[in-house]
Amino acid sequence: MSSQVWRKTACNLCYINCGIEVLVDDGRIAKVRGDRDNPKSQGYLCNKAGRIPFYARHKDRLTTPLRRRADDEFEAIDWDTAIAEIAARLRALVDRHGGKSIALYGGGGQGNHAGGAYANAVLRALGSRHVFNALSQEKTGDFWVNGHLFGSQTCHTAEDVHHCDLLFVIGANPWVAHGFPNARDQLNQIRKDPNRKLIVIDPRRTETAEMADLHLAVRPGADAFLLGTILATLLRRDALDHEFLAQRTTGFAEVKEALLRIPVEQWADAADIPLDQIERCADMIVAAKAMTVRVELGIQQGVNSTLNSYLEKLLIMLTGSFGRKGTNQLHSWLQPLWGNTPNQKFAATETEVIAGLLPPNVFPQAVLTDHPDRLRGVWIDSSNPANTAANTAEVEKALRALEFCVVVDVAMTETARLAHYVLPASSQYEKCEFTLFNFEFPTNYFHVRPRVVPPLEGTLPEPEIYTRLARALGLLPGDNILAPLREAALHSRPTFAAAFRAFVAENPAAAPFGSLLLYNTLGPSLPDGTAAAAPLWAAALACAKRAPEAVRRALALGDEVPDALLGDVLFDAIVNARSGTAITRHTYEEIWSLISHPDRKVHLAIAPLLVWLNRLDPVDASPAAEYPFILAAGQRRMFNANQIFRDPAWRRDDPDGALLINARDLASLGASDGEWIAVKSPAGRIVARCKVDDSMREGQLALPHGYGQAYPAKDGERLSNGPRVNVLTDGHNCDPIAGTPYHKHVAVRLERLPVTEAAAYEERSRRIHQ
């Protein structure tokens, strides 16, 4: 007899993490709907979230620890054996080469965010400080710029799309990729309101660009030329907010000097945008009362990516579109998702460490170099670099060269197949989860979610995996030593706080793995099985100390709660709210307290970027003759998500991950729509089914992200479920400061296939999708 119940949780497909309810039927997720009680998303649901059942159960789920044998095949082992052997090999590696020889790759990803705190704890306790993850594949150039502008790389801008009268979207397609709460609802409201406008910069006429009042179809790779031209035009018009610049910023004189050197006509030509469109863009900016700028990977993984992020911020600041309702803001944190590490370098590759992170582009070199500080072991948690990092061939070579590699994941990924040990994690919906992507202003939210379905037998949640590992390594005390702390937590929070602080004072070596201590002591006292959220207690205490009035507003508290107890009240609100809760509510004037510079001003002049700006050469905007097409690698589409979706059955459209191409470009090849085409770059070759899409500029191509996994076909053979796009990308094609890959600007050429090869790909597609 079927037992059905609706349970509250959150979507794991993008960092907005909308609140959802899932219908659980006999222990399985059957349906998904928006959670109207969620204070942030308020019932919003996009089409992708409805496919979450395909994530929860599929043929590639792991259900036992695996050990690779000498013949490169895997054998199942029990958890005790796996933990004991892994701990022994980790300890031996550290004893020989030190903790610096080990890196963490991932640490909360693939839908499993909470585990990051625990993976970091164990690796740091072993002396490792090296972390690679998706943020450093996408965002560290922006973090580097923010560090200079605002005084810390943890200062991060948000957008008040809900109240702007001009939304300026650059290199983003929020209709498909979202990026801010209730994106489609907000875009529709702007479209219907004659007093609100939308500008889009994108080479492709995206779904968002179709709605725009002005679409600037920039030449691929020429964003810096276009943004520089817009800024120079505003400056020459004297259409800047001089009062804002004088009161809230420093360094404008140096910025002005650099912008005045820009040859507007030549740069507009390099961007392939007529001057009258640039003038219209400037008119719309001047007319706006509140402009907010939304950017994404189109410029953050495009040519000149760190410079692009700087120019985007200058557009915000020079027009005074900051710190007011309807403009861009900084936001508070419960716990910063990344760090602040200015002027730090990774010795083995001489790479700058930004926000505490290393770019995946240097991972192969960090392993394959002969430098004495090279990486010899990598712990990979909920990440799949064999598919997601640039230059697949080099990444796989590095993974095979490691002395020791462990993968913790829900599925047998391409990376897991190259590891020495694979540990099966419970999926996001089979355990307590949360995400640290809380980016809203003036009200910021946090959501802790209990499990909604039972875990698969043989899997463990990450806190339990790392507890067992830490004990095997001799890092974490046994239950008998921690029992008094657990008893204190069950007695009262003040009793626990006093006992915990005394314990850490007496055992200072325990500080690096405080998250594991909290999980094993405070955790059992938390409601609804939310023990994994225990490390948020320390974060809530710190948040309440940083911004007590903002916390009081969010929780509707007066002076009846003393400051000393405010952090505990915030923590209890977080772990008890099944639909999430507001954690801070700021006034707009308080935004200046979030700037880390002592003078609380925005420091506009970043000397290396101003030099970079004035060295731009319009000649570089033209494509190379040998590789005449520019591929946007990793495009977001209506029916793709990320690497956690392995079962191809979830895609109602675009099952093969088509290569989008303009009709005229396809005709010039003598090819037809739907034909299989070879795509070649200097790094490699893949084959993809082409699809005519006249939203694409001539000379521009696009392949999606989230494909390329080997998945069992009906007959059991593992076949690729679409293009493995990073076979084409090159880790050296990257930003010179942040190392961010230029994935949106991959030079390629196209070739038609012989009839027999095309037929083989057609048959392979039929088998994987039957």
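The model is predicted.

**Stop 1: a stacked pair**

Begin with the aromatic rings. The model has 24 aromatic pairs. Select Phe 143 and Trp 338. Their ring centres are 3.9 Å apart and their planes meet at 15°. Planes under 30 degrees apart count as stacked, so this pair is stacked. Phe 143 belongs to helix α5 (residues 140-150). Trp 338 is in the loop between β14 (328-330) and β15 (344-346). The pair links distant parts of the chain, 195 residues apart. Both Phe 143 and Trp 338 are buried.

**Stop 2: an edge-to-face pair**

Next, select Phe 225 and Trp 267. This aromatic pair is edge-to-face, with 5.2 Å from centre to centre and 80° between the planes. Phe 225 lies in helix α9 (residues 223-237) and Trp 267 in helix α12 (residues 264-271), so the pair ties together parts 42 residues apart in sequence. Phe 225 is buried, at 3% relative accessible area. Trp 267 also counts as buried, with 3% relative accessibility.

**Stop 3**

**Stop 4: charges over rings**

Select Arg 33 and Trp 6. The charged end of Arg 33 sits over the ring of Trp 6, 3.8 Å from its centre. Then jump to Arg 764 and Tyr 761. Here the charged end of Arg 764 sits over the Tyr 761 ring, 4.8 Å from its centre.

**Stop 5: Val 22**

Select Val 22, in strand β2 (residues 19-25). Val 22 is buried, with a relative accessible area of 0%. Show what surrounds Val 22. Leaving aside neighbours within four places in sequence, its contacts include Val 5, Trp 6, Ile 29, Val 32 and Val 452. Trp 6 is the ring under Arg 33 from the previous stop. For a distance check, pick the C-alpha atoms of Val 22 and Ala 10: they are separated by 9.0 Å, with the residues 12 apart along the chain.

**Stop 6: two packed helices**

Finish with helix α20 (residues 479-491) and helix α21 (residues 493-506). They pack at an angle of about 155°, with their axes 7 Å apart. That makes α20 roughly antiparallel to α21. Show side chains at the contact. On α20, select residues including Leu 482, Leu 485 and Ala 488. On α21, select residues including Phe 496, Phe 500 and Phe 503. By class, the contact has 9 nonpolar, 2 polar and no charged residues.

Key:
Residues are numbered from 1 along each chain as its sequence is written. This is a predicted model: local features need pLDDT of at least 70, side-chain atom pairs count only at pLDDT 80 or more; totals for chains, interfaces and linings use all residues. Side-chain values use heavy atoms; hydrogens and water are left out. Rings of Phe, Tyr and Trp (its six-membered ring) pair if their centres lie within 6.5 Å; planes under 30 degrees apart count as stacked, over 60 as edge-to-face and the rest as tilted. Helices (H or I, at least four residues) and strands (E, at least two) are DSSP runs, numbered from the N terminus. Buried means under 20% relative accessible area, exposed over 50%, partly exposed in between (1.4 Å probe, protein chains only). A charge sits over a ring if NZ of Lys or CZ of Arg is within 6 Å of the ring centre and within 35 degrees of the ring normal. Contact means heavy atoms within 4.5 Å. Axes are lines fitted to C-alpha atoms, for helices over the stretch in contact, and angles run from 0 to 180 degrees between N-to-C directions. Angles under 35 degrees count as roughly parallel, over 145 as roughly antiparallel, 65 to 115 as roughly perpendicular and the rest as oblique. Ala, Val, Leu, Ile, Met, Phe, Trp, Tyr, Cys and Pro count as nonpolar, Asp, Glu, Lys and Arg as charged, and the others, Gly among them, as polar.
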